[in-house]
Amino acid sequence: GASIISVLTEPSKFSGSLDDLLSARRASQKVAESSGKPRPALLRKDFISRESQIIEARAYGADCILLIVACLTRTQLRDLVASCKKY
């Protein structure tokens with residue numbers, strides 16, 4: 001089985017949502033419980049640029065996030081990585 005599932009949560013360009021992430025979390029948890037296999041990690045795939053998005057990701061079931069380095073300053077990247085470690 002998959003070890004990680006990527007879930008698009010960006011609404012305007014990719015028609016994703018945080019509800020999609022939550023649905024993926026619930027579905028993958030049910031499959032894991034019924035099969036006895038570990039649940040795959042869930043990746044929030046979005047244009048993450050604020051700490052609040054990391055907090056949202058955790059609240060909706062993400063185990064990890066995608067940070068697009070080309071879209072971030074060094075300071076933003078450093079701060080977001082620190083936020084990931086916090087949450």
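These are legends for several close-up views of one predicted model.

Local features here need pLDDT of at least 70 and side-chain atom pairs count only at pLDDT 80 or more, while totals for chains, interfaces and linings use all residues. Numbering runs from 1 along each chain as its sequence is written, and side-chain values use heavy atoms, with hydrogens and water left out.

**View 1. The whole chain, for orientation.**
The secondary structure comes to four helices and three strands, where helices (H or I, at least four residues) and strands (E, at least two) are DSSP runs numbered from the N terminus. The C-alpha trace spans about 45 × 30 × 20 Å along its principal axes. Of the 87 residues, 29% count as buried; buried means under 20% relative accessible area, exposed over 50%, and partly exposed in between (1.4 Å probe, protein chains only).

**View 2. Helix α2 and its two sides.**
Helix α2 (18-35) has 18 residues and reaches 26 Å from its first C-alpha to its last, close to the 26 Å expected at 1.5 Å a residue. That expected span is 1.5 Å times one less than the number of residues. Tucked away on this helix are Leu18, Leu21, Ala24, Ser28 and Ala32, its buried residues. Looking down the axis of α2, these buried residues fall within an arc of 110 degrees, so they line one face of the helix; the arc is that of the directions from the helix axis to the C-beta atoms. As background, an α-helix has 3.6 residues a turn, so residues three or four places apart point the same way. Over on the other side of α2, Arg26, Lys30, Glu33 and Ser34 are exposed. Arg26 has a relative accessible area of 54%, and its C-alpha is separated by 12 Å from that of Ala41, 15 residues apart along the chain.

By the rule used here (a side-chain nitrogen of Lys or Arg within 4 Å of a carboxyl oxygen of Asp or Glu), the count comes to six salt bridges. Arg44 takes part in one with Asp46, the closest N and O atoms being 3.2 Å apart. Asp46 is buried, at 9% relative accessible area, and Arg44 is buried too, at 3%. Arg44 also meets the side chain of Glu56 in a salt bridge (3.2 Å, N to O). Glu56 is partly exposed, at 29%.

**View 3. A bridge between helices α3 and α4.**
Glu51 forms a salt bridge with Lys86, and their closest N and O atoms are 3.1 Å apart. This pair also links distant parts of the chain: Glu51 sits in α3 and Lys86 in α4 (residues 74-86), 35 residues apart. Glu51 is partly exposed at 30%, whereas Lys86 is exposed at 56%. Elsewhere, salt bridges that share partners join Arg25, Arg39 and Asp63 into one network.

Leu8, Phe14 and Phe47 make a nonpolar surface patch of about 270 Å². Patches are made of residues with over 30% relative accessible area and no salt bridge, with like charges joined within 9 Å and nonpolar side chains (Val, Leu, Ile, Met, Phe, Trp, Tyr) within 5 Å. Accessible areas come from the Shrake-Rupley method with a 1.4 Å probe, and for residues only the protein chains shown count as cover. Phe47 lies in the loop between β2 (41-45) and α3 (51-59) and is partly exposed, at 39%.

Ser15 sits in the loop between α1 (11-14) and α2, and its phi is near 55 degrees, a positive value in a residue other than glycine. Most residues other than glycine have a negative phi. Ser15 is exposed, at 64%. Pro38, in the loop between α2 and β2, counts as exposed at 73%. Pro38 and Gly1 are 37 residues apart in sequence and 9.4 Å apart in space, C-alpha to C-alpha.

**View 4. Cysteines without a disulfide.**
The structure holds zero disulfides, a disulfide being a pair of cysteine sulfur atoms within 2.5 Å. For Cys71, the closest cysteine sulfur is in Cys84, 15 Å away and too far for a bond. For Cys84, the closest is in Cys64, at 9.2 Å, again too far for a bond. Cys71 counts as exposed at 53%, and Cys84 as partly exposed at 31%.
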